[in-house]
Amino acid sequence: MEGTNRDQDRAGANGIEHGERQLEEGVRTDFTATMNYGDYLGLETLLASQHPLSDPVHPDEMLFIIQHQTTELWFKLMIQELLGARSYLDADDAERARKSIARVKHIMKTLAEQWSVLATLTPSEYAEFRGVLGSASGFQSAQYRTVEFLLGNKSAKLLRLFEGRPEEHRLVEDALRTPTVYDAFLRHLSRRGFDVPTSVLERDVAQPWVEVPDLVAVFEQIYRDPATHWEAYATCEDLVDLEDAFQFWRFRHLRTVQRTIGFKTGTGGSTGVDFLKRALDLVFFPELITVRTHLGD
């Protein structure tokens, strides 16, 4: 009996009574006149935004929708962070820029892991509702295209995808017409006294980035003496980390598509897996890779 009383006292101190956890006295329960968790997050709208089209509704279509909706939410944050990084570099605040770049890197790692959830969708299950997608495809994501453009993989012809959606068109076009994060970093290095080629500083920023051999020497200077150029050196490595995280996401995307539909044509008309394989050859910051060939000689 004595031991039982001690157990009861301990349970009461932990807020547990008769096996049920009790609310602490200060916990608010009346939200008739104040904002609650769901209000702040707009959950009523968010959780009502999944509209499966299969009939009868296939249970795995909800997985497919939520996977892509959460990806779009992360893209939204990535755009904010990349724009922030660009602004900080424009203001020569590399420390703040590095924070934003690091956050984008971690988002990409999260998105890469997220493919493992979609990979639980078997080919047979996906085939049962794939037809309701029509011509809808992730290739048409305005936010993804904006992220790619902000990192340097630009293509003016892709604006045609968004001609019927003015807001999306403005978002993507703005990313096309303005400098990339890499442009901002290189201009920052120039202001810090590094001999960045004039052709780089005055380039047409609406064009896709193409490797500039003369720029490699700038990074070689930084990498051969990291102690002297620590801030620039660390930022270079942040960009390489981001590149790696993005490429890993692309690879997981490819593998998930391959295991789900094999080598079928994509719903948006692309060649599917072959198209995704070619994307693995895209590099945002090629000089930061090339410079490694010269180091240690």
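# Notebook: helices, loops and a cis bond

**Entry: α5 beside α12.** I began with a pair of helices: α5 and α12 run roughly parallel to each other. In my notes, angles under 35 degrees count as roughly parallel, over 145 as roughly antiparallel, 65 to 115 as roughly perpendicular, and the rest as oblique. Helix α5 covers residues 94-118 and helix α12 covers residues 230-261; their axes come within 9 Å and cross at roughly 15°. An axis here is a line fitted to C-alpha atoms, for helices over the stretch in contact, and angles run from 0 to 180 degrees between N-to-C directions. I also looked up the hand of the crossing, and α5 passes α12 in a left-handed one. Left-handed means that the near helix is turned anticlockwise from the far one by less than a right angle; clockwise would be right-handed. The residues of the contact between α5 and α12 divide into 15 nonpolar, four polar and eight charged. Ala, Val, Leu, Ile, Met, Phe, Trp, Tyr, Cys and Pro count as nonpolar, Asp, Glu, Lys and Arg as charged, and the others, Gly among them, as polar.

**Entry: ground rules.** I reminded myself that this is a predicted model, where local features need pLDDT of at least 70 and side-chain atom pairs count only at pLDDT 80 or more, while totals for chains, interfaces and linings use all residues. Residues are numbered from 1 along each chain as its sequence is written, and side-chain values use heavy atoms, with hydrogens and water left out.

**Entry: the whole protein.** I found 14 helices and two strands in the protein. Helices (H or I, at least four residues) and strands (E, at least two) are DSSP runs, numbered from the N terminus. The radius of gyration is 25 Å, well over the 19 Å that the globule rule gives for 297 residues, so the protein is more spread out than a compact globule. That radius is taken over C-alpha atoms, and the rule is 2.2 Å times the number of residues to the power 0.38. Along the principal axes, the C-alpha trace spans about 80 × 50 × 45 Å. I then looked up burial: 39% of the 297 residues are buried. Buried means under 20% relative accessible area, exposed means over 50%, and partly exposed lies in between (1.4 Å probe, protein chains only).

**Entry: Gln114.** Which residue does the side chain of glutamine 114 contact? Glutamine 114 lies in helix α5, and at 13% relative accessibility it counts as buried. Its side chain makes a polar contact with the side chain of threonine 71, at 2.9 Å. A polar contact is a pair of N or O atoms within 3.5 Å; within protein, one must be able to donate a hydrogen and the other to accept it, and residues adjacent in sequence count only if both atoms are side-chain atoms.

**Entry: α9 and its ends.** Helix α9 (residues 181-191) is mostly covered, with eight of its 11 residues buried. Among the buried ones I noted Val181, Tyr182, Phe185 and His188. At the start of α9, a side-chain oxygen of threonine 180 reaches to within 3.2 Å of the backbone nitrogen of tyrosine 182. Just after α9, glycine 193 takes a positive phi of about 100°. Helix α4 packs against α9 at an angle of about 15°, with the axes 8 Å apart. That makes α4 roughly parallel to α9, and α4 passes α9 in a left-handed crossing.

Entry: Most residues other than glycine have a negative phi, and most peptide bonds are trans. Against that background, I marked the cis peptide bond that joins aspartate 55 and proline 56, with omega about 0°. Proline 56 lies in the loop between α3 (43-46) and α4 (59-90). I also marked aspartate 92, which has a positive phi of about 60° although it is not a glycine. Aspartate 92 sits in the loop between α4 and α5, and its 26% relative accessibility makes it partly exposed.

Entry: Alanine 156 lies in the loop between α7 (142-151) and α8 (166-177) and counts as partly exposed at 44% relative accessibility. Leucine 280 lies in the loop between α13 (273-279) and α14 (286-294), and at 27% relative accessibility leucine 280 counts as partly exposed. How far is the C-alpha atom of leucine 280 from that of phenylalanine 251? I read 7.1 Å for this pair, which is 29 residues apart along the chain. Phenylalanine 275 belongs to helix α13 and is partly exposed, with a relative accessible area of 30%.
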